[in-house]
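Subject: Structure handover

Hello,

Here is the structure for you to look over. My notes follow below it.

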Amino acid sequence: MELQSSQSDEVLAKIERSRQARRHKFYLRDEHVTLSHGSGGKATHNLIEGIFAPAFANVVLDRMEDAAQLTLGGLRLAFTTDSYVVNPLFFAGGDIGQLAVHGTINDLAMAGADPLYLSVGMILEEGFPMESLRRIVTSMAQAARDAGVLIVTGDTKVVQRGKADGIFINTAGVGTVRAAAELGQTQVRTGDRVLLSGAVGDHGVAIMLAREELDIETDVQSDSAPLHTLVASLLDNVGGAIHCFRDPTRGGIATALNEIALSAELSIALDEQAIPVHAGVRGACEILGLDPLTIANEGKLLAIVAPEAEQQALKVMRAHPLGKEAMVIGTVQAEPAGMVFLRTDIGGTRVLDMLVGDPLPRIC
């Protein structure tokens, strides 16, 4: 009990230090909102930490996880919300409706929760094709059925022509927390291993190719998928050795791992050769000058586990359909705190920073 109390005190101390740091480190010089503020990278981070976090500060929000973890009458719940503004609406491997369902399920899963119920809010532009709306709603319904969740409430608004871009979707979700031990960025420890469930960059590149109609021959498709069954399998087989889950959506694994390093007050060292990237994604990124490590994913997860559980966790991931390409890609280190390093293919090491500006706006 004393050990648990000490660990809890340490986590609370980290959260408080992070809250105090926001007052000095994060501020906005921008006088107006720009597209970069929606990139998921540094600009988004500064927007959240500079405006929203101080205004809404409380013990739940200050953890800055993908889903809030709540206790109601002894029941542990996870609660999350997200909005989807992808362009184009339909792309290889999915559409905005499927993406909205999967994205909310995955945010709940990253809290170690079994998703139960979703809400759906629609903002529609006057003149939006009814057939496209029907197609999107049908896709959402199918994705929810396949994942075993219920869409139980919602809202619809219509705005004048030119006041939106076709359709915007907001989804919120509630689930019950399966994990016995607490998960989160502040649970990460020195020596932990960083596992990735599969190849990165597929979703962002699929969106880019569909939008720009580039003359690049590739079979890249979005990796959009619900990750809750993969998480459940890991929790059932590895349990308390798992310290943190994160789905690397906007800003890719670079942004996700930087956020973890900052919150944990630790460093993460990655091996570039260990990070799987499909040939089509790598080729497209080389042509366009993009880094696949900063590109969004919608069906991959990062799991940070205790070193003694590394091989068992990897075995469990590879046995699941969504983890066949899983790899151990890095290690958590003590210093320098708050930074991510990449051991490159060509030798040497470079700092892997957050995405500065999104080269692919509106991808999720």
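M64 is partly exposed, with a relative accessible area of 22%. (Buried means under 20% relative accessible area, exposed over 50%, and partly exposed in between, with a 1.4 Å probe and protein chains only.) Its phi is near 55 degrees, a positive value in a residue other than glycine. M64 sits in the loop between α2 and β1 (68-72). Helices (H or I, at least four residues) and strands (E, at least two) are DSSP runs, numbered from the N terminus.

Before the rest, some ground rules. This is a predicted model, with residues numbered from 1 along each chain as its sequence is written. Local features need pLDDT of at least 70, side-chain atom pairs count only at pLDDT 80 or more, totals for chains, interfaces and linings use all residues, and side-chain values use heavy atoms, without hydrogens and water.

**Backbone**

E265 also has a positive phi, about 60 degrees, and is not a glycine. It lies in the loop between α7 (252-264) and β10 (267-271). E265 is partly exposed at 29%. Most residues other than glycine have a negative phi, and most peptide bonds are trans.

A cis peptide bond joins N87 and P88, with omega about 5 degrees. P88 is in the loop between β2 (75-84) and β3 (90-91). The bond from E335 to P336 is cis too, with omega near -10 degrees. P336 belongs to the loop between β12 (327-333) and β13 (340-343).

**Aromatics and the surface patch**

The whole structure holds 1 aromatic pair. The F52 and F56 rings have centres 6.4 Å apart and planes at 20 degrees, so they are stacked. (Rings of Phe, Tyr and Trp, the latter by its six-membered ring, pair if their centres lie within 6.5 Å; planes under 30 degrees apart are stacked, over 60 edge-to-face, the rest tilted.) Both residues are in helix α2 (residues 42-56), 4 residues apart, about one helical turn. F52 is partly exposed at 39%, while F56 is exposed at 52%.

I48, I51, F52, F56 and L61 make a nonpolar surface patch of about 430 Å². (Patch residues have over 30% relative accessible area and no salt bridge; like charges are joined within 9 Å, nonpolar side chains (Val, Leu, Ile, Met, Phe, Trp, Tyr) within 5 Å. Areas come from the Shrake-Rupley method with a 1.4 Å probe; for residues, only the protein chains shown count as cover.) L61 is in the loop between α2 and β1 and is partly exposed at 32%.

**Salt bridges**

The count is 10. (A salt bridge is a side-chain nitrogen of Lys or Arg within 4 Å of a carboxyl oxygen of Asp or Glu.) E131 and R134 form one at 3.3 Å, N to O. They lie 3 residues apart in helix α4 (residues 130-147), about one turn. E131 is exposed at 53%; R134 is partly exposed at 48%.

D223 bridges to K300, with the closest N and O atoms 3.1 Å apart. D223 is in the loop between α5 and α6 and K300 in the loop between α8 and β11, so the pair ties together parts 77 residues apart in sequence. Both are buried: D223 at 10%, K300 at 8%.

D236 and R178 meet at 2.9 Å, N to O. This pair links distant parts of the chain, 58 residues apart: D236 is in helix α6 (residues 228-237), R178 in the loop between β7 (167-177) and β8. D66, R246 and E259 are linked in a salt-bridge network.

Best wishes
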